[in-house]
Amino acid sequence: MADVAKLGLWTIVVLAGLPLGWVISRIAGAYGGAPVPRGGLFHIAMTVLMFAWALWVEPTCKLLPALALGWLLAALTAVDVASFRLPDVLTGPMLVLGLLESLVLPDRPILNHVIGATGGFAVLALLGWGYERLRAREGIGLGDAKLLGAAGAWLGWAPLPSLVLLACAVALVLVAGMVFSKGRAALAERLAFGGPLCLATWLIWLYWPLPL
């Protein structure tokens, strides 16, 4: 019976990713201003993979929060890649849900998460302001700061330095790949930093403390 129940849970979670991934493709298309190619199959596959990944790592009371966080991170990544935007309609609910899960799940002092939310936002907002003052152009958008604040609401303040370092490492790998495929001209192209931030948030949520 236990195996049957486990198989049923796997089926429900994976199938839930199909329509939710399709919704992500529609959101990305709306913000990107163009239809999503191939009917959003990539976004559907990404959502199903994240849901299966969450179930593999968190088959406990943390599963539902993990699914909610995974969907929001997938949606934010898709929108940022399509339009270089991280809309409040996604980061706002992510912030609220992060604070709520700290009240529900055990061993998650709400103060740590409030500090994480405010500190995460403040650090990137100040860095972005300083970069813009020095270079006279935007380097870190306010959307990235809101995303890090929402991540702090989910994770607390302690993992945030590791999150930023991990996101920067992912971004460097992406830049290196762009340079390898397009040459040095790729260095002048914009990089959607929201994707690396989302991936780093997901990895730390599932595997914190990281085995470094």
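Modeller: Let us begin with what an angle between helices means here: an axis is a line fitted to C-alpha atoms, for helices over the stretch in contact, and the angle, from 0 to 180 degrees, is taken between N-to-C directions. In this predicted model, the axes of α6 and α8 cross at roughly 5° and come within 10 Å of each other.

Biologist: What makes α6 and α8 roughly parallel?

Modeller: Angles under 35 degrees count as roughly parallel, and the axes of these two helices cross at roughly 5°, so α6 and α8 are roughly parallel to each other. On the α6 side the contact is formed by Asp144, Leu147, Leu148, Ala151, Trp154 and Leu155, which meet Gly194, Leu197, Cys198, Thr201, Ile204 and Trp205 in α8. Sorted by class, the contact of α6 with α8 has 9 nonpolar, 2 polar and 1 charged residues.

Biologist: How do you know that α4 and α6 are roughly parallel or antiparallel?

Modeller: Helix α4 (residues 88–104) and helix α6 (residues 142–155) pack at an angle of about 20°, with their axes 7 Å apart. The limit for roughly parallel is again under 35 degrees, and therefore α4 and α6 are roughly parallel to each other. Their crossing is left-handed. Among the residues that meet are Leu95 and Leu99 in α4, and Ala150 and Trp154 in α6; the residues of this contact divide into 9 nonpolar, 3 polar and 3 charged.

Biologist: Why is α4 called roughly antiparallel to α5?

Modeller: The axes of α4 and helix α5 (residues 110–135) cross at roughly 160° and come within 9 Å. Angles over 145 degrees count as roughly antiparallel, which makes α4 roughly antiparallel to α5. The crossing of α4 and α5 is right-handed. Leu95, Gly98, Leu99, Glu101, Ser102 and Leu103 of α4 make this contact with Ile110, His113, Val114 and Ala117 of α5, and its residues divide into 6 nonpolar, 3 polar and 1 charged.

Biologist: What makes up the lining of the second largest pocket, by class?

Modeller: That lining divides into 18 nonpolar, 5 polar and no charged residues. The space in the second largest pocket is about 430 Å³, and of the 23 residues that line this pocket, the closest to its centre are Phe42, Met46, Ala74, Thr77 and Ala78. Helices α1 (2–32), α2 (41–57), α3 (63–83) and α8 (194–207) each supply at least two residues of the lining.

Biologist: What makes phenylalanine 84 worth a remark?

Modeller: Most residues other than glycine have a negative phi. Phenylalanine 84 has a positive phi of about 55° although it is not a glycine, and this residue lies in the loop between α3 and α4.

Biologist: How do you know which kind of peptide bond joins tryptophan 208 and proline 209?

Modeller: Omega is about 0° for the bond between tryptophan 208 and proline 209, and this peptide bond is cis. Most peptide bonds are trans. Proline 209 has its place in the segment after α8.

Terms used. Residues are numbered from 1 along each chain as its sequence is written. This is a predicted model: local features need pLDDT of at least 70, side-chain atom pairs count only at pLDDT 80 or more; totals for chains, interfaces and linings use all residues. Side-chain values use heavy atoms; hydrogens and water are left out. Helices (H or I, at least four residues) and strands (E, at least two) are DSSP runs, numbered from the N terminus. Angles under 35 degrees count as roughly parallel, over 145 as roughly antiparallel, 65 to 115 as roughly perpendicular and the rest as oblique. A crossing is left-handed if the near helix is turned anticlockwise from the far one by less than a right angle, and right-handed if clockwise. Contact means heavy atoms within 4.5 Å. Ala, Val, Leu, Ile, Met, Phe, Trp, Tyr, Cys and Pro count as nonpolar, Asp, Glu, Lys and Arg as charged, and the others, Gly among them, as polar. On a 1 Å grid over the protein atoms alone, a cavity is a set of points where a 1.4 Å probe fits but cannot get out, and a pocket is an open set with protein on both sides within 12 Å along at least five of seven lines; lining residues have an atom within 4 Å of a point. Grid points are joined across faces, edges and corners, and a volume is the space filled by probe spheres set on the points.
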